[in-house]
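Hi there,

Here is the structure I promised to pass on.

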Amino acid sequence: QVQLVESGGGLVQAGGSLRLSCAASGRTFSPYRMGWFRQAPGKERVFVAAITWSGGSTSYAESVKGRFTISRDNAKNTVYLQMNNLKPEDTAVYYCAVQSGALRSFGSWGQGTQVTVSS
């Protein structure tokens, strides 16, 4: 069973930047994709970004395109989310997850890390 641990959240002013990390544990780790999701208070968890583990192909939610960048370090079993030009509406708990196969759903959710953007 893969375990994911997110870190890097915090409080930042609008226009600022944060870099989230998600480290995966496990003897063998080779998912199809890794993804970031977020959940704002009173709202459902939504997709933010994802990256394929082998080729590094990326996809983003429209709301973060041009501001967020997802990357991975295969040697460290870690995925990152660089968040620039943060807005108050980016405030949420951010989660990472694993998609083990192309036809599978994301799972093995981490505990989440809080990102708060003040105006």
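A residue counts as exposed when its relative accessible area is over 50%, and as buried when that area is under 20%. Please keep in mind that this is a predicted model.

With that cut-off in hand, let me start with Leu103. Its relative accessible area is 88%, so Leu103 is exposed. You will find Leu103 in the loop that runs between β9 (92–99) and β10 (106–107). Tyr32 is 71 residues away from Leu103 in sequence, yet their C-alpha atoms are 9.5 Å apart in space.

Ser21 belongs to strand β3, which covers residues 18–25. Leaving aside residues up to four places away in sequence, Ser21 is in contact with Val5, Glu6 and Ser7, with Trp36, and with Thr78, Val79 and Tyr80.

The largest pocket holds about 180 Å³ of space. Its lining is made up of Arg38, Gln39, Ala40, Lys43, Glu44, Val46, Phe47, Ala61, Ser63, Glu89, Thr91 and Ala92. Two elements, β4 (33–39) and β5 (46–52), each give two or more residues to that lining. By residue class, the lining of the largest pocket has five nonpolar, four charged and three polar residues.

Best wishes

Key. Residues numbered from 1 in each chain as written. Predicted model: local features only at pLDDT ≥ 70, side-chain atom pairs only at ≥ 80, totals over all residues. Heavy atoms only, no water. 1 Å grid on protein atoms, 1.4 Å probe; cavity = no way out; pocket = protein on both sides within 12 Å on 5 of 7 lines; lining within 4 Å. Points joined across faces, edges and corners; volume = space filled by probe spheres on them. Helix = DSSP H or I, 4+ residues; strand = E, 2+ residues; numbered from the N terminus. Nonpolar A, V, L, I, M, F, W, Y, C, P; charged D, E, K, R; others polar. Buried < 20%, exposed > 50% of the residue type's maximum accessible area, 1.4 Å probe, protein only. Contact = heavy atoms within 4.5 Å.
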